[in-house]
Amino acid sequence: MTIPTLIYFAARGRAEVIRLALEEAGVAYQEEHIKGQEAFAAMKASGRLPFLAVPVWVDGDFTLAQSGAIALHIARGHGLYGNGPREQAQIDQALGAVDDVRGEVRKLMVAEPAKRGEIRAELLNGTLPRWFGMLEKLLVANQDGAGYLVGNALSIADLALWYLIELARDNGFEAALTPCPKLLALFARIAARPRIAAYLASSRRPALQLLPA
Ligand SMILES: N[C@@H](CCC(=O)N[C@@H](CS)C(=O)NCC(=O)O)C(=O)O
């Protein structure tokens, strides 16, 4: 049996939630890292990327593109996608919210350098506190925030939220999280899960790449 392959760069980016799910689930997988523009062009020309973009998941004769679809595929197969249609809808809801916040943060990556200070200030003082406040409220609504975002078990939504919180923390936005003790506690609980902790400490984890300052 061949080990499934995650095709991406040696970067966290859009592959990281997938990696966190694979690691938490204990799935054996390998990575194929695209190194440089020439290799990326060759990969596109190879026909292995359905939408000429990565990440792509290859499991034998099964190829799947779109990071969200891959993450959900792994989650469904390994008990990280809730219990029943309502929990799954709530997980989708939380994933949508995390995606909205990521979209806001991504503005920094495409902005002209002169605009970055303004965008950072808006993220730090407006957008992120507002979003983290709403996510804290969502978490508290389930078991007073002592467990997970949805239901009784860790889900792909918690992992996506974990990665978002890490991104905020590592890029100078930690103050936006100060009023959110339950989110911070969830972040710590997830980081301490044995398989996640092992992954975070391993050389499998791509290095942090900071957002533009
Ligand atoms: N919606 C897609 C977007 C994928 C995407 O745009 N990936 C980037 C890398 S992070 C890419 O491969 N872009 C194509 C290019 O740069 O030519 C997903 O979530 O997987």
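Into which domains is the chain divided? The answer is domain 1 (5–78) and domain 2 (84–193), with bounds that come from an automatic or database domain assignment. Before we zoom in, please note that this is a predicted model: local features need pLDDT of at least 70, side-chain atom pairs count only at pLDDT 80 or more, and totals for chains, interfaces and linings use all residues. Residues are numbered from 1 along each chain as its sequence is written.

**View 1. The open sheet has 4 strands.**
Reading across the sheet, the order is β2-β1-β3-β4, and the pairing is mixed. Strands (E, at least two residues) and helices (H or I, at least four residues) are DSSP runs, numbered from the N terminus. Two strands pair if DSSP finds at least two bridges between them.

**View 2. Follow the bridges from Leu6.**
β1 and β2 pair in the parallel sense over 4 bridges, and the partner of Leu6 in β2 is Glu31. Strand β1 (residues 5–8) is also joined to strand β3 (residues 56–59), by 3 bridges, and these two run antiparallel. Here the bridge partner of Leu6 is Trp57. Trp57 in turn has Leu64 as its bridge partner in β4. β3 and β4 pair in the antiparallel sense over 4 bridges. They form a hairpin with 2 residues between them, and Gly60 in the turn has a positive phi of about 65 degrees.

**View 3. Strand β1 has two faces.**
In a regular strand the side chains alternate between the two faces of the sheet. In β1, Leu6 and Tyr8 make up the covered face, while Thr5 and Ile7 make up the uncovered one.

**View 4. Helix α1 is largely enclosed.**
Why is α1 described this way? Because 9 of its 10 residues are buried, the rest of the structure largely encloses it. A residue is buried if 20 or more other C-beta atoms lie within 10 Å of its own, exposed if 12 or fewer, and partly exposed in between, with C-beta atoms placed from the backbone. Among the buried residues of α1 are Glu16, Arg19 and Ala21. The buried residues of this helix pack against β1, α3, α6 and α8 (194–200). Just after α1, Gly26 takes a positive phi of about 70 degrees.

**View 5. Helix α3 also packs against α1.**
The buried residues of α3 pack against α1, β3, β4 and α6. They include Ile70, Ala71, Ile74 and Ala75. After α3 comes Gly79, whose phi is positive, near 70 degrees.

**View 6. Ala21 sits in the largest nonpolar core.**
Such a core is a set of buried Ala, Val, Leu, Ile, Met, Phe, Trp, Tyr and Cys residues joined through C-beta atoms within 7 Å. The largest one has 52 residues, and those with the most contacts inside it are Ala21, Ile156 and Leu161. Helix α6 gives the largest share, 9 residues. Each of domain 1 and domain 2 provides at least three residues of this core. Ala21 touches Ala71, Ile74, Ala75, Leu80, Ile156 and Leu159, not counting residues up to four places away in sequence. Two residues are in contact if their C-beta atoms, placed from the backbone, lie within 7 Å.

**View 7. The two domains touch.**
Their C-alpha centres lie 23 Å apart. How many residues of domain 1 are in contact with domain 2? There are 8, meeting 8 residues of domain 2. On the domain 1 side, α1 and α3 each supply at least two residues, and the largest share, 5 residues, comes from α1. That side divides into 6 nonpolar, no polar and 2 charged residues. Ala, Val, Leu, Ile, Met, Phe, Trp, Tyr, Cys and Pro count as nonpolar, Asp, Glu, Lys and Arg as charged, and the others, Gly among them, as polar.

**View 8. Glu136 is found in helix α5.**
Is Glu136 buried or partly exposed? Glu136 is partly exposed, because 19 other C-beta atoms lie within 10 Å. Glu136 touches Cys180, Lys182 and Leu183, not counting residues up to four places away in sequence. The C-alpha atoms of Glu136 and Pro179 are separated by 9.0 Å, although the two are 43 residues apart along the chain.
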